[in-house]
Protein chains: 2
Amino acid sequence: MKTKTSAYKRSGVNINLTTQIKSNIKSLVKKTFSRQVLSDIGLFGGLYEIPKSTKSRKRSAVLVSSCDGVGTKVLVANIMNKHNTVGEDLVNHCVNDILTLGAKPLFFLDYIAFSDIDSKVIEQVISGLANGCKRNNCALIGGETAMMPGMYKKGEYDLVGFIVGIVEKEKIINGKKIKIGDKLIGIPSSGLHTNGYSLARKVFFLDNKFTVNTKIPVFKQSLGETLLKTHQSYLKQVYPLLPYVSALAHITGGAFYKNIIRLLPTNLSCLIYKNKWQVPSIFKAIQKYGKISEAEMYSVFNMGIGMVLFVKPQNVKRVLSRIPQAKVIGEVTKGKKEIKII
Amino acid sequence: MKTKTSAYKRSGVNINLTTQIKSNIKSLVKKTFSRQVLSDIGLFGGLYEIPKSTKSRKRSAVLVSSCDGVGTKVLVANIMNKHNTVGEDLVNHCVNDILTLGAKPLFFLDYIAFSDIDSKVIEQVISGLANGCKRNNCALIGGETAMMPGMYKKGEYDLVGFIVGIVEKEKIINGKKIKIGDKLIGIPSSGLHTNGYSLARKVFFLDNKFTVNTKIPVFKQSLGETLLKTHQSYLKQVYPLLPYVSALAHITGGAFYKNIIRLLPTNLSCLIYKNKWQVPSIFKAIQKYGKISEAEMYSVFNMGIGMVLFVKPQNVKRVLSRIPQAKVIGEVTKGKKEIKII
């Protein structure tokens, strides 16, 4: 019996295309494998051996997992026809998320869904994922390429990432160590990271009819290039400093408010001093061209701060010396789980 | 500084809505938690303690992960306005995938993306996910609810799942134990499971102008209900039998060909005898109304067999006695990694 895929192909699903994509990306993906990866590509799941060090030391090990997308940054990538950066955005976003709990990455899986797309686009996306994984010592162990006729517009795709990392139970960071007087150290973001793109797109492309090629005077690059700047991974800088950190907030959706509040005990608040850092020009442009209140800007965008470390006063100097671009931007006070940005 | 979300809301993103959804589903999700889950909902990641038994016995433990969607079955759920089953479909699909490698589930994360949707729809989807997780002893440890203006049609959503399970290294099942003479035991599917929906939708709704309410004479339920039947989980039946099984194939995208071939060593083939089981009427209807060749049917759809177990002849009786609805449907022969369906 010979297989044909003619009817299936007519329904919009091309199994050969997804098989082709998988074969083309194989070598990229394999470069991310560590010796813990026991599976080859193409099985029903990825196999990852739990690192021996965790077991031999007889300490309890905890898996830390997170799932995320890059929001409508994929639509900006699409307008720019530049698809090799959103993958790294996604990996870095997930890496930072689990870093806030004290974990380092083990492995990553991706999901890419589309209806009708050039296979080269998907290969570019996955090359970005593989780069991101390699830079964060994380194995790209599996994923799903889903062709879904009728769901997505031609040429568009959604991109989802899942990460699993590991932390010793005694070293989990969860906000419980936060104390009055802790300083908030902010590490710069590279731009919007993966957050606020729906609002940014509306302001620039819909309300002001800009294009990705528009040169806004204070920007070093075109608007499109500025919007596509890669979400930073803070793993390499911050992981060695975790013993000196009481808590970490990754400034993503909901910005300072949501991401700091979820860490705070009920009897503490945070004061953040806006004048302690320079807000990058991309945020100023969104605020200006969108006529958006400052209050809303700080509740939607990272405003130039990608991660906030809570650090005891006696450790501040050490942390700042290891991350020269970081700045003290606030402190923990008595209060009712509130964030005041002044 | 007070937060407002007016401009952001106008861009189509409603942070309050996603917060509301998260709060409504909290109790559902918590019911899936085992004592290994160390995190509450709302942190940057889920915390799952590696089961102690794995470590104390000093055997190497391997994490098995998989990522999947339910394809365009979500579009059928949408036409039916019935959203509490696709979540269980997704969990069961992922559970079966890692079961083929010998693993039992530990935890699950979901991703739901939409542009503009009633929050009740998302709550229904997540209630299905929570049910599925509970039934498979799997903690629904995290997830992402992504509101992406401009990506999805009003009322539509995509749904992605990510599972992590565990298996002892010595017990990994990967096809290497398959030998000439092994019998193929097929376990019935409940319908299309999560595969072939683009073709089924084209045949029924586009080419033949049927609706979900159409009664096809041989069907026990309406067309829509028949299409929405839940993907079966084989965990409870099959997991205790793994010591008697050389390999397992989950019959999903690519059906018998792709899912069995990926297991076979290069010097073996499989013969499958079509007359050994009854093809359910839904597949016959797709073939008839779509004028699809039989060859293509067997390469796209599961045709009534949801999972195939490779079993040594001496173990066949034991396996069949424990899964009464299963049948011997084929065998392993000498060959060149081919599937012959005769």
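**Exercise 1. State how far apart the C-alpha centres of domain 1 and domain 2 of chain A lie, and describe their contact.**

Step 1. Take the bounds. Domain 1 of chain A spans 6-171 and domain 2 spans 183-341; such bounds come from an automatic or database domain assignment.

Step 2. Count the contact residues. Domain 1 of chain A gives 24 and domain 2 of chain A gives 23. Contact requires C-beta atoms, placed from the backbone, within 7 Å.

Step 3. Find the elements. On the domain 1 side, α4 (73-80) and α5 (86-99) of chain A each supply at least two residues. The largest share, 8 residues, is from α5(A). Helices (H or I, at least four residues) and strands (E, at least two) are DSSP runs, numbered from the N terminus.

The model is predicted: local features need pLDDT of at least 70, side-chain atom pairs count only at pLDDT 80 or more, and totals for chains, interfaces and linings use all residues. Residues are numbered from 1 along each chain as its sequence is written, with chains lettered from A and ligands numbered from 1 in the order in which they are written.

**Exercise 2. Describe the contact between chain B and chain A.**

Step 1. Count. 78 residues of chain B touch 78 residues of chain A.

Step 2. Name the top contributor. On the chain B side, strand β2 (residues 61-69) gives the most, with 9 residues.

Step 3. Trace the pairing. Strand β1 (residues 46-49) of chain A runs antiparallel to β2(B), joined by 4 bridges. Pairing takes at least two DSSP bridges between two strands.

Step 4. Pick a pair. A:Y48 stands opposite B:L63 in β2(B).

Key:
Two residues are in contact if their C-beta atoms, placed from the backbone, lie within 7 Å.
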